[in-house]
Amino acid sequence: MAETQVGMQYEDLRHQSDTALIGMWLFLATEILFFGALLFTYMIYRLWYPDGFIAAVRHANILIGTLNTAVLLTSSFTLTAGLLYAKAGDMRRLIYSCVATIGLGLLFMALKALEYAEDFRERLVPGTNFALADHDGARIFYLFYYTATGVHLVHLAIGIGLVLYIARRARRGDFTAQAHTPVEVVGLYWSFVDIVWLFLYPLIYLVGRGG
Amino acid sequence: MSEPVNYLTNGWTIRSWLLTHDHKRIALLYLVSITGFFFLGGAAAALIRLNLLTPEGALVSAETYNRLFTMHGIIMVWFFLVPAVPVTLGNFIVPLMIGARDLAFPRLNLLSWYLFMIGGLVALYALFVGGVDTGWTLYTPLSTNYSKGHVVAAVVGIFISGFSSIATGLNFMVTIHRLRAPGMTWFRMPLFLWSLYATSVILVLATPVLAMTLILLSLERLFGIGVFDPALGGDPLLFQHLFWFYSHPAVYIMILPGMGIVTEIVTTFARKKVFGYKFIAWASIAIAVIGFFVWGHHMFVAGQSLYASLVFSILSYLVAVPSAIKVFNWLGTLHKGTIRFDAPMLYALGFIGLFTIGGLTGLFLASLAVDVHVTQTYFVVAHFHYIMVGGMVSAFFGGLHYWWPKITGRIYPEMWGRVAAILIFFGFNLTFFPQFILGYLGMPRRYHSYAPEFQILNILSTAGSTILAAAYLLPLAYLTWSLFWGERASANPWRATGLEWRTASPPPTENFAEIPVVTEEAYEYPPPEVAQHG
């Protein structure tokens, strides 16, 4: 129970727990502006270079993209289930949920790696030998693509580390049905990473694909 | 020794400092680091002023000159002005003022100091090994294509220190929301807290945009893909928009805490309840909110749409309203007050004068036609130095003297405090007032040489800067002296209101023996006499 003691600046455990949640919400506000700047850049150049962007979107691997969307949404489901188990005091199932979440996170990364490999094979890398060199703005699309998915993967890797930490603490017996705020804090973060993907998915794979 | 253990005597090992979770000790770690950065940035400024003694440049080559003013800007903005008051005085005083035992997240607070130091050292590495010659604004495509300096390393340093800003802002906001003592309602809080809260909102919401912009800048420089370089299909104006979306609100990060300090000092040394409490409180919030929508006034001549410029001009006028409200409220507080001219008060009065000049010349620059005439001249340089050095640094020194007895338990030498405050005021004006004239006459900024007819005003400015340099070194000497030989301070040497004065000087590690209960509004003078004196 080492880390569930109440800090001297708090009245009680509940005061401390609620404060931790507010801290995470505020951190997510920072994150929204962080990704917001990138999405704004995408929007500007989507208007400048519709042709290059549409050509690039049509080269995206929609099968892997859609599969990954399903994987990530499911991972949010498993972690939320874990939170409900924690609330019910079932710490064994909380650990199982964490393991499932980590597994799905790793699956997402593996699929993403496959997709990157294919992008490289198809010369969808904006260097010399770029496959879409004829389309103005396609380079900028791919800069967005690699930056956005890269930063998203970094967030996902941090998330996997955090869920691992939750699982370890659950195994140590740190949580009870009343005191399990870290699960909820990490859950908020994980869902945010999920939501970021929900914005990236249409921008990379869908918008301009038809027609 | 008979005195009770306080936060300074609670542990003597280096470890007890470097791994501390105590907001007061972290504030001191920050104070030492920030002082180092201040004098480094100041040294660069001194070399710049020396070089401008003669029209052809007295000291350094054009290239070295570019590196000097870039180094001065990057260090002063990101490693002194933005963090200065929040991480030192704010860190120390916020929990004491609201009657809490610490900030909400003490470990995050310590982490923020380490991030700040890592970022600072990386930036220093870039600035000393080869340097950066783009100016602190890092405009593209100069920074991504043409500059030969260590742009990416400098940007990485700024990026890392940004996380420390975010951590500090987040910590303050959560602390003010959650840890106020019983009875400490929002409108009973001292106004320093309102100003820090407004500052924190900007830190949390603006800094991440700079972070992403710097990532894109680095990728363009490393891989040659045009996000901002027009030759590669990018838009240089987009960089300026994103950059100023952070960097203009950052100006309010730099000035809002100073306004908060001045409010505390003015009411203490006028021994009078602050005039128009709610106006000052809401003015802080209004400045933070409107401040997010004025960034385009940095781009009037950059080729943005005229209609955009019109809107940004109007909004820039609008943000002057809450700033003026504060100035009038300080004057209203002084009116019929029982004024004492101790050193903190001299700094605060200096702030009011210099900030007013800096603010009014800001209105000149917000007007489209005048801006075209003085853009990129020394007029702009003088304007923002009046706000940041005349205003913010004066406020920082004022606050440092005001809370020095609380922080160290010692009284600083009052006479020397007053001498330094007056020297700073006159040295500052002699340095920067000539620059208004130089700019109006057309001397452009960021050149290492200038037309011969500008020499006299430049010599005056350099002469002023030597006074200023001496005046900044004085507090370093006498404040350090007072640490060892200063008279011991009582709990409330200024007989001020505010919870921070109701605990011992220096405070114990847990701040208060018992959490105080607040039963009255802020600044009810005279305050109840506190039992422990001397």
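Predicted model: local features only at pLDDT ≥ 70, side-chain atom pairs only at ≥ 80, totals over all residues.

Visitor: At what angle do H11(B) and H13(B) pack, and how far apart are their axes?
Guide: The angle is about 160°, and the axes lie 8 Å apart. H13(B) covers residues 378–408 of chain B.

Visitor: Why does H11(B) count as roughly antiparallel to H13(B)?
Guide: Angles over 145 degrees count as roughly antiparallel. The angle here is about 160°, so H11(B) is roughly antiparallel to H13(B).

Visitor: What kinds of residues make up the contact of H11(B) with H13(B)?
Guide: There are 15 nonpolar and 10 polar residues, and no charged ones.

Visitor: Let's zoom in on one residue. Where is Leu360(B) found?
Guide: In helix H11 of chain B, which spans residues 343–366.

Visitor: Why does Leu360(B) count as partly exposed?
Guide: A residue needs 20 or more neighbours within 10 Å to be buried, and 12 or fewer to be exposed. Leu360(B) has 13 C-beta neighbours inside 10 Å, so it counts as partly exposed.

Visitor: How far is Leu360(B) from Ser164(B)?
Guide: Their C-alpha atoms are separated by 32 Å. Along the chain, the two are 196 residues apart.

Visitor: Switching to chain A. How many helices and strands are there in chain A?
Guide: Six helices and zero strands. From the N terminus, the order reads α-α-α-α-α-α.

Visitor: What box do the C-alpha atoms of chain A fill?
Guide: Roughly 65 × 30 × 30 Å, along the principal axes.

Visitor: And what share of chain A counts as buried?
Guide: Chain A has 211 residues, and 38% of them count as buried.

Visitor: What about contacts in chain A between residues at least 6 apart in sequence?
Guide: Of those contacts, 78% join residues at least 24 apart.

Visitor: Now the two chains together. How many residues of chain A are in contact with chain B?
Guide: 24 residues of chain A, and they touch 31 residues of chain B.

Visitor: Which elements of chain A give two or more residues to that side?
Guide: Helix H1 (13–48) and helix H5 (138–172). H1(A) gives the most, with 14 residues.

Visitor: How does that side of chain A divide by class?
Guide: It has 13 nonpolar, eight polar and three charged residues.

Technical notes:
Residues numbered from 1 in each chain as written. Chains lettered and ligands numbered in written order. Helix = DSSP H or I, 4+ residues; strand = E, 2+ residues; numbered from the N terminus. Contact = placed C-beta atoms within 7 Å. Nonpolar A, V, L, I, M, F, W, Y, C, P; charged D, E, K, R; others polar. Axes fitted to C-alpha atoms, helices over the stretch in contact; angles between N-to-C directions. Parallel < 35°, antiparallel > 145°, perpendicular 65-115°, else oblique.
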